[in-house]
Amino acid sequence: MTGVLDAHLVVQRDTGFRLDIEVSIAAGEVVALLGPNGAGKTTALRALAGLTPLTDGRIRVGGDVLDDPAARAWTPPEDRPAGVVFQDYMLFPHLSVLDNVAFGPRSRGAGRSEARALAADWLSRVGLSEYARRKPRQLSGGQAQRVALARALVGDPALLLLDEPLAALDARTRLDTRAELHRHLSEHPGATLLVTHDPLDALVLADRLVIVEDGAVVQQGDAATITARPRTDYVARLVGLNLYRGPAADRVVRVNGDFALTVAEPIDGDVFVAFPPAAVAVHSHRPDGSPRNTWPATIAGIQRHGDNLRVQLDGPITAAADITPTAAAQLRLAPGQQVWAAVKATETLAYPATPRG
Amino acid sequence: MTPTRRQTRARVPLPLLLPAGLGLVFLVLPLVGLVVRAPWTTLPERLTEPGVLTALRLSLLTATLATVLCLLLGVPLAWLLARITFPGRRLVRALVTVPLVLPPVVGGVALLLVFGRRGLVGSWLDSTFGISLPFTTAGVVVAEAFVAMPFLVIAVEGALRGTDTRYEEAAATLGAGRWTTFRRVTLPLVAPGVAAGTVLCWARALGEFGATITFAGNFPGRTQTMPLAVYLALETDLQAAIVLSLILLIVSVGILAGLRGRWIA
C-alpha cells in the first residue's frame with residue numbers, strides 16, 4: 001500500500017478541546033471521518049488543508065512534510081497539493097461558474113485561456129458545461145455541489161478534502177448527488193478524505209471509515225466490520241444495533257452490573273455484545289421455551305421506523321426492539337407499559353472489547 | 001392580513017411618532033429654506049460668475065483627489081484592522097477614529113505642526129524635495145483626506161468584518177496567496193461597502209471647512225473651496241452665499257441619488 005497521506009494531527013484548543021488522531025490514506029482510497037458534531041472532524045480537515053495550525057504531530061503528503069511543529073516546518077494552504085470542497089461550497093459569488101473553476105489554475109500560474117480551458121473540461125466532466133456563464137446564486141444546491149467538486153479537482157490534487165459535501169442538500173437531491181459524487185471519488189487517483197456526520201454518506205462513499213469522538217479515533221475499518229461490530233454507543237446507534245459491554249465467561253456476559261446475557265459462542269474476557277432491534281421480541285407475559293435471554297422491561301417510547309415500530313425498552317438493560325404494527329396492536333403497546341423482552345442467544349454477536357493489533 | 005397591517009400602523013406610539021416627525025422637519029426645513037430664499041431670477045448670471053465656477057471646480061477636484069488618497073491608504077488599513085491580529089489593534093482602531101471626533105480646526109492646527117514649513121515632516125519635505133504643503137491646493141487635499149479617511153476606513157472595515165472569511169480560505173486552498181486573494185476575492189466581495197465608504201468620504205471631503213482654512217488658508221483659485229467661499233460670501237453678499245450653498249446642496253444630493261440605486265443599499 002503506497003500511502004499518499006500520512007498524518008498525525010494534534011490540535012490543542014484554548015477551550016480545552018484536544019484533537020489527536022492519526023490518518024493514513026493510500027492512493028485512490030476514500031476514507032470517511034465519521035463522528036458526531038463537535039468531535040473534531042472539521043478541525044482535522046482544516047489542519048490538513050493548512051487553515052488551522054497543528055499544535056503537534058506531522059502531516060506528510062507524497063513524502064513531503066507539509067506540517068511539523070516540532071521541526072518548525074509549515075506549508076501555507078496555497079502551496080499544499082490539496083483540493084477542498086467546503087461545507088456550503090463557498091463558491092465565489094462575484095465570479096461565473098467557469099471562473100470559479102478556473103480560479104485554481106489561474107492562481108497557480110496558468111494563463112487566462114489555459115485556465116478556462118481546463119475549467120471547461122472539468123465542468124463537462126460534472127455535466128455542467130451549459131452553466132459555465134451563470135453566477136453561483138443561479139445554481140441549484142446539487143449543481144453548486146458539483147461546481148465545488150470540479151473547482152477542488154481541477155488541479156488534480158494529491159489530496160482531496162470534502163467537508164460534509166452533501167449536508168446542505170435536500171433528501172431527494174442528496175440521493176442523486178451522492179451517486180454522482182461516488183463516481184467522481186472512485187475515479188480520483190489521489191487520496192480522498194471525507195468528513196461527515198451521516199453514516200449513509202460514509203458507507204456509500206468511503207472505502208474505509210474512521211470514527212472520531214471527542215477528538216480521538218474510537219474505531220476504524222471497512223463498512224462491514226464497523227456495521228457488524230460497533231465499539232461505542234455512538235457507532236452502535238449509527239448502525240442501529242443494541243450494544244453492551246462486560247466480562248464474559250463461557251457463554252454468559254455480565255452487562256450493566258449483573259445482568260446475564262447468554263451468547264451463541266463461548267468467549268472470555270472483556271467483550272462487546274451486539275444484536276439488532278429486530279432480534280428483540282416483545283411479549284405481554286413471560287415467554288416459555290427456546291429464547292435464552294428474557295427480562296422484564298418498561299416501554300419508554302415508541303417511534304415509527306420504516307414499516308415497523310421501534311420500541312425503546314427500559315429495565316435491567318436498555319434496548320431497542322423493532323416490531324410490526326400488527327404485533328403492536330395485538331399487544332396494545334403504550335409508553336409506561338410492563339412487558340417481557342426476549343432475545344435468542346443465536347441472534348447475538350459477542351467480540352473482544354480490546355482492539356487487536 | 002389587511003386588518004393586522006392596519007393594527008400595526010395604528011399602534012405607532014405617540015411618544016415615538018411625535019419626536020420622529022419633529023426630527024424629520026428639523027432635518028428638512030433648513031434645506032427648504034435654502035431653496036425658498038434662493039435668488040432664482042438672477043441665478044443664471046450668478047452661476048457664471050468666475051469666482052463661483054473656480055471654487056466649484058477646485059472643490060470637486062480636491063474632494064476627488066482626497067478620496068483617491070483615502071482609498072489608496074484607507075482600504076489597506078481597513079483590511080489590516082479587520083483581518084490581522086496584532087498587539088495594540090484596539091488602540092490603532094481607536095486612533096483611526098480620532099479625526100472623526102476631533103474638531104476639524106484642531107486637525108488643521110495639528111497638520112500645520114507636522115506638515116508646516118517648520119513641522120516634523122514638513123521641514124524634511126521642504127529641504128529634501130522643496131515641497132511645501134501649507135496654503136497650496138495639495139494642502140487642501142491633505143486636510144480633506146485627514147478629516148474624511150476615518151469614514152472610509154470604518155465603512156470598509158465593517159464590510160470586511162461582515163464577509164465570510166471562508167471565501168478567503170477557499171481562495172487559499174486554490175493556490176491564491178494573500179495579495180491575489182485580496183485582489184480577486186476580498187475586494188470584489190466588499191465592493192458595496194467600499195462604494196458606500198467612498199461616497200461618505202467624498203461627501204465629507206467636499207464639505208470640509210475647518211481643517212482646510214487652518215492648514216491651507218483661503219486663497220481664491222488655489223485653496224478657496226466652496227465651503228470657504230460660502231463663509232466668505234456670507235460676510236459681504238448673502239445672495240451669493242445662498243447660491244453657493246444651493247450648488248453644494250444640489251451636487252451632494254445629486255451624487256448621492258446617482259449612486260444610491262447602484263451600490264448603496
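# Exercises on a predicted two-chain model

The model is predicted. Each exercise below is followed by its solution.

## Exercise 1. Two helices of chain A

Decide how α4(A) is oriented relative to α5(A): roughly parallel or roughly antiparallel?

Solution. 
- Step 1: locate the helices. Helix α4 of chain A spans residues 141–153, and helix α5 of chain A spans residues 171–187.
- Step 2: read the geometry. Their axes come within 10 Å and cross at roughly 15 degrees.
- Step 3: apply the cut-off. Angles under 35 degrees count as roughly parallel. α4(A) is therefore roughly parallel to α5(A).
- Step 4: handedness. The crossing of α4(A) past α5(A) is right-handed.
- Step 5: list the contact. α4(A) brings Gly141(A), Gly142(A), Gln145(A), Arg146(A) and Leu149(A). α5(A) brings Thr173(A), Asp176(A), Thr177(A), Glu180(A), Leu181(A) and His184(A).
- Step 6: sort by class. The contact of α4(A) with α5(A) has six polar, three charged and two nonpolar residues.

## Exercise 2. A hairpin

Find the residue with a positive phi in the hairpin of β10(A) and β11(A).

Solution. 
- Step 1: find the strands. β10 of chain A runs over residues 208–213, and β11 of chain A over residues 216–221.
- Step 2: check the pairing. These strands are antiparallel and share five bridges. Across the pair, Ile211(A) faces Gln219(A) of β11(A).
- Step 3: inspect the turn. Two residues lie between the strands of this hairpin. Asp214(A) takes the positive phi, near 50 degrees.

## Exercise 3. The sheet with β16

Solution. 
- Step 1: read the order. The sheet is open, has five strands and pairs in the antiparallel sense.
- Step 2: count partners. β16 (280–283) and β19 (319–323) of chain A each have a single partner strand, so they stand at the edges and one side of each has no neighbour in the sheet.
- Step 3: From one strand to the next, the twist averages 45 degrees.
- Step 4: β16(A) runs antiparallel to β20 (residues 338–343) of chain A, with four bridges joining them. Ala281(A) has Ala342(A) in β20(A) as its bridge partner.

## Exercise 4. The sheet with β21

Repeat the analysis for the sheet β14-β13-β12-β15-β21 (chain A).

Solution. 
- Step 1: read the order. This open sheet has five strands with antiparallel pairing.
- Step 2: Neighbouring strands are turned by 40 degrees against each other on average, direction ignored.
- Step 3: Four bridges connect β21(A) with β15 (residues 269–275) of chain A, and the two run antiparallel. Leu349(A) in β21(A) is the bridge partner of Ala274(A).

## Exercise 5. Chain B

Describe the make-up of chain B, then one of its helix pairs.

Solution. 
- Step 1: count elements. Chain B has 14 helices and zero strands.
- Step 2: extent. The C-alpha trace of chain B spans about 75 × 65 × 30 Å along its principal axes.
- Step 3: take a pair. α4 (residues 50–83) and α8 (residues 137–162) of chain B pack at about 35 degrees, with axes 6 Å apart.
- Step 4: handedness. α4(B) crosses α8(B) in the right-handed sense.
- Step 5: classes. The contact of α4(B) with α8(B) holds 22 nonpolar, four charged and three polar residues.

## Exercise 6. Between the chains

Which element gives the most to the side of chain A that touches chain B?

Solution. 
- Step 1: size the contact. It takes 15 residues from chain A and 14 residues from chain B.
- Step 2: list contributors. β7 (82–85) and α2 (97–107) of chain A each supply at least two residues of the side that touches chain B.
- Step 3: α2(A) gives the most, with three residues.
- Step 4: classes. The side of chain A that touches chain B has nine nonpolar, three polar and three charged residues.

Note on methods
Residues are numbered from 1 along each chain as its sequence is written. Chains are lettered from A and ligands numbered from 1 in the order in which they are written. This is a predicted model: local features need pLDDT of at least 70, side-chain atom pairs count only at pLDDT 80 or more; totals for chains, interfaces and linings use all residues. Two strands pair if DSSP finds at least two bridges between them. Two residues are in contact if their C-beta atoms, placed from the backbone, lie within 7 Å. Ala, Val, Leu, Ile, Met, Phe, Trp, Tyr, Cys and Pro count as nonpolar, Asp, Glu, Lys and Arg as charged, and the others, Gly among them, as polar. Axes are lines fitted to C-alpha atoms, for helices over the stretch in contact, and angles run from 0 to 180 degrees between N-to-C directions. Angles under 35 degrees count as roughly parallel, over 145 as roughly antiparallel, 65 to 115 as roughly perpendicular and the rest as oblique. A crossing is left-handed if the near helix is turned anticlockwise from the far one by less than a right angle, and right-handed if clockwise.
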